[in-house]
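Please open the structure in your viewer and keep the sequence beside it. The tour below goes from one selection to the next.

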Amino acid sequence: MSHPRARLIYVPLVLGSLVMMFPLWWMLNISLATPERAGAATVSTDALRLWPSDPQWSNYPEAMREVGSREWVGFLDALTNSVVVTTITVIATVLSCSLVAYALARIRFRGRRSLFLVMLATMMLPPQVTMIPLFLLFRALGWIDTLLPLIVPAFFGNAFFIFMYRQFFASVPEALVEAARIDGCGHVEIWWRIMLPLCRPVTAITAVFTFIFVWNDFLGPLIYLHADERVTLAVALNSFRNRYGGLEDVQYLMALSLVTMVPCIVLFFVAQKQLIEGLSKGAVKG
Amino acid sequence: MASITLSGVSKVFEDGFCAVDALDLEIEDRELVVLVGPSGCGKSTTLRMIAGLEPVTSGTIAIDERVVNEVPAKDRDVAMVFQNYALYPHLSVRKNLSFGLERRREYTSFLQRVVSSAYRREARAESSSIKSRVEHAAAMLGITPLFDRRPAELSGGQRQRVAVGRALVRDPSAFLFDEPLSNLDAKLRLEMRTELKALHKKTRATMVYVTHDQEEAMTLGDRIVVMNEGLVQQCATPADVYGRPANRFVAEFVGTPTMNFLETSVHFTEGRLFIMVAGDKVPLPGAVGGTLSPFLGRGVVMGLRPETLHPGAHGVAARVELIEDLGDRQDVVYRLDSGARIVGRIPSDTRLREDLRVHLPLDLERAHFFEDTDEGMRIG
């Protein structure tokens, strides 16, 4: 390909990027606007400028102070809850999914194939179907208004990630497992010392996707968490809505939404290499 | 070190395929036994059963007189070198070597380490013992400079050395090698073969070595076990396997170029025993005649090694069809008047040309005779 023609590819790429960046720019723009301009921007695009003439950086600390019913404490509680739920869920998902996948890929037992198929079938089940039964179950266990309904299910695996891990484990040469057996490893040690270190790209995908999903999850915490001090950041953002569902202080909502996004963006850039490696696994042989 | 005894060992897979059929084998202490045979003959399955990687369907395997059928692989005190090395890709060479020893540590309790100084002392001594064993094995194989590299950064030969080192460092009762050189190029294979032979001499360890390469088997083994279709065809020293093959399969499998086979029949005329070879009557020398006399009037198969076939003044008439000059020798393909093709090996200074008509004197004292049956058992 000639040099100028090669540069042409950047035209659709830049256009695509602009489309993808638009909501972000819009959020940033409003987050820095004065209350009047921000309110106007929600109903008309006339108030929008490429960059606000008088950026209100104080909107960010203000948003953190104003969230929830208690100043600062509401934000810190929500942040702590989000960090706790996300951290435990990510660790639990990686451990449980890889362990189940190891068993399905490497241990021969009766009904292994059927179990795998049943597990795959659960992927077809819309989450809305299990919402009410799960709520009833957790209520019967007395877990409503605790973080447990958000954390405990992660210890029981996730069909999609189990499938991903299983495909990776199945591609690891049998001789490696056999060498480990002769070297004195049992199944748990083979999983922990050989398989998990080998599947870092898959673990990166599982961890990043789970992190983003749990960190941004709104519905789950909304169903199970009621008290102000229990909610996660995603639900806490909702406090900028008034009792009639309308938006108040939209500049604060946008500012806090951007703050909430920061960990996801940082995580993506940190794990980018592993993530792309993991996504291309299986696509290219060797 | 240890002896290994296999008594009536069979392996039948779930689909009914019988990979090994009632195998009896006694491997003595400090012996290097090579299991050789074509693909699917059951040699690797046998090795894997000894290692504990494959359960035995029937029969018993004993290591040093201890039956190990139900003993897991890690407790059999054997080390195995795999065909594709099976090095742990995420660990450095040093950690690959010490992995097996680390898993067998006795002083592993963190709590006891904190509270007991005697325990701490023992744990430290154990660590330094592991370190010195790893360094000793690495020095023996010349891989010390590779300690901090990962397997992906090593050449094929270096990986193979690390794989051998990983087995060596454990100082096991027996070493099991599963076609360890088959992934190497010809030159490196030859080098590693010599090194393995030297290693066996140095360590005097019991070794079981699997290969499909008969040349590798002949050069390495104290004894060779030739297998086919799950059955042992012959178990003997390399010289015996080559010089007195037990049946046609062994005779054909061992030796390059392979042995030539000619269908003959035994006759008695004018007070002498003859065989008919390609239409010629060839008188049998006394000893050979005695061996073949029970087969009078019946067909037998004569086997001739290529190195016994040199053109001469008398003998079976043939035409030179093809000459392969190998530098130090020539392999010559002859076409007999009966239509049969045989291969001879002659020195490189012998002058022959293609299409030349020659006579091949048959050295019946060095010929092998086999029954004309499916099994083709050796006569005499």
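This is a predicted model: local features need pLDDT of at least 70, side-chain atom pairs count only at pLDDT 80 or more; totals for chains, interfaces and linings use all residues.

Residues are numbered from 1 along each chain as its sequence is written, chains are lettered from A and ligands numbered from 1 in the order in which they are written, and side-chain values use heavy atoms, with hydrogens and water left out.

**Between the chains**

Select chain A and chain B together. Here 16 residues of chain A are in contact with 22 residues of chain B (contact means heavy atoms within 4.5 Å). About 1,700 Å² is buried between chain A and chain B, and carbon and sulfur atoms give 61% of that area; buried area is the accessible area (1.4 Å probe) that two parts lose on being put together, summed over both.

Next, pick Glu189(A) and Arg103(B). Their side chains form a salt bridge at 3.1 Å, N to O (a side-chain nitrogen of Lys or Arg within 4 Å of a carboxyl oxygen of Asp or Glu). The count between chain A and chain B is 3 salt bridges.

Now colour helix 10 (174-182) and helix 11 (187-198) of chain A, each of which supplies at least two residues of the side of chain A that touches chain B. Helix 10 of chain A gives the most to that side, with 7 residues. Helices (H or I, at least four residues) and strands (E, at least two) are DSSP runs, numbered from the N terminus.

**The sheet in chain B**

Move to the open sheet of 5 strands in chain B, with the order 13-12-11-14-19 and antiparallel pairing (two strands pair if DSSP finds at least two bridges between them). Strand 13 (280-283) and strand 19 (368-371) of chain B each have a single partner strand, so one side of each is left without a neighbour in the sheet.

Select strand 11 (residues 260-269) and strand 14 (residues 299-304) of chain B: 6 bridges join them. Asn260(B) stands opposite Leu304(B) in strand 14 of chain B.

**Backbone positions**

Most residues other than glycine have a negative phi, and most peptide bonds are trans.

- Pro257(B) lies in the loop between helix 9 (248-253) and strand 11 of chain B; the peptide bond from Thr256(B) to Pro257(B) is cis, with omega near -10°.
- Asp64(B), in the loop between strand 4 (58-63) and strand 5 (66-67) of chain B, has a positive phi of about 55°.
- Arg204(B), in the loop between helix 6 (186-203) and strand 8 (206-211) of chain B, has a positive phi of about 50°.
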